Amino acid sequence: MNLSKLINQGLISIYGPLVSFVVICGFIGNWLATNILKSTKVDFLVMIVVIIAICIGWVWWSYKIVKWKYWAFSQLTVDESYELHSKAIGAGLIWPAGSVFNKTEIWTKEDKNNWTTLKPEIRELFEPKKTE
């Protein structure tokens, strides 16, 4: 399996819409502040709009990353999964196991059911390491 293809698909399907949304919101905020509100505080208003867009984008990531993880890892062997996991972290697509940001993932009931169909060795990649 071509792991780079899986990473690229994740980056395009998750970060493509997210970055586009934030940038478009910035431009719309700039246009609204300049042309409609006739504000002298354009930079401040654009910053507020972009911060709100980033928060909305985080919700997008939280929902879509779960679906990408199942889709990508369900196609792989255990050995390939170790490599994809490492590459996905390196690409900034997912966070390392145990990261507080993983707690923001949005799992539906269907996502949880699908996840249980993966091999246990693959699911363990996403669980924090237990220290004794």
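Reader: Great, let's start with G10. Which residues does G10 touch, not counting residues up to four places away in sequence?

Author: G10 touches Y15, W68 and L93 once residues up to four places away in sequence are set aside. Contact here means heavy atoms within 4.5 Å. Before we go on, please keep in mind that this is a predicted model: local features need pLDDT of at least 70, side-chain atom pairs count only at pLDDT 80 or more, and totals for chains, interfaces and linings use all residues. Residues are numbered from 1 along each chain as its sequence is written, and side-chain values use heavy atoms, with hydrogens and water left out.

Reader: Thanks. Where is the place of G10, and is G10 buried or exposed?

Author: G10 sits in helix α1. Helices are DSSP runs of H or I with at least four residues, strands are runs of E with at least two, and both are numbered from the N terminus. G10 counts as buried, at 0% relative accessibility. On that scale, buried means under 20% relative accessible area, exposed over 50% and partly exposed in between, with a 1.4 Å probe and protein chains only.

Reader: And how many residues apart in sequence are G10 and K64?

Author: They are 54 residues apart in sequence, while their C-alpha atoms are 9.1 Å apart in space.

Reader: Let's do helix pairs. At roughly what angle do the axes of α1 and α2 cross?

Author: The axes of α1 and α2 cross at roughly 160 degrees and come within 8 Å. That makes α1 roughly antiparallel to α2. For reference, axes are lines fitted to C-alpha atoms, for helices over the stretch in contact, and angles run from 0 to 180 degrees between N-to-C directions. Angles under 35 degrees count as roughly parallel, over 145 as roughly antiparallel, 65 to 115 as roughly perpendicular and the rest as oblique.

Reader: What classes of residue does the contact of α1 with α2 have?

Author: By class, the contact of α1 with α2 has 24 nonpolar, eight polar and one charged residues. Ala, Val, Leu, Ile, Met, Phe, Trp, Tyr, Cys and Pro count as nonpolar, Asp, Glu, Lys and Arg as charged, and the others, Gly among them, as polar.

Reader: Nice. How about α1 and α3, what is the angle there?

Author: Helix α1 (residues 3-36) packs with α3 at an angle of about 40 degrees, and their axes are 10 Å apart. The two are therefore oblique to each other. On the α1 side the contact is made by L3, S4, L6 and I7, and on the α3 side by E80, E83, L84, K87 and A88. Those residues divide into five nonpolar, one polar and three charged.

Reader: Which residues of α2 and α3 meet?

Author: W68, A72 and F73 in α2 meet S81, L84, H85 and A88 in α3. The residues of that contact divide into five nonpolar, two polar and no charged. The axes of helix α2 (residues 42-73) and α3 come within 11 Å and cross at roughly 145 degrees.

Reader: Is C25 buried or exposed?

Author: C25 counts as buried, at 15% relative accessibility. C25 is also touched by V49, which touches G29 too, not counting residues up to four places away in sequence.

Reader: Where does V49 lie?

Author: V49 lies in helix α2, and it counts as partly exposed at 29% relative accessibility. The C-alpha atoms of V49 and G26 are separated by 6.4 Å, though the two are 23 residues apart along the chain.

Reader: Loops next! What is the phi of K38?

Author: K38 has a positive phi of about 50 degrees, although it is not a glycine. K38 is in the loop between α1 and α2 and counts as exposed, at 61% relative accessibility.

Reader: Last one: where is the place of P96?

Author: P96 is in the loop between α3 (78-90) and α4 (109-116). P96 is partly exposed, with a relative accessible area of 39%. Leaving aside its neighbours within four places in sequence, P96 is in contact with I89 and N102.
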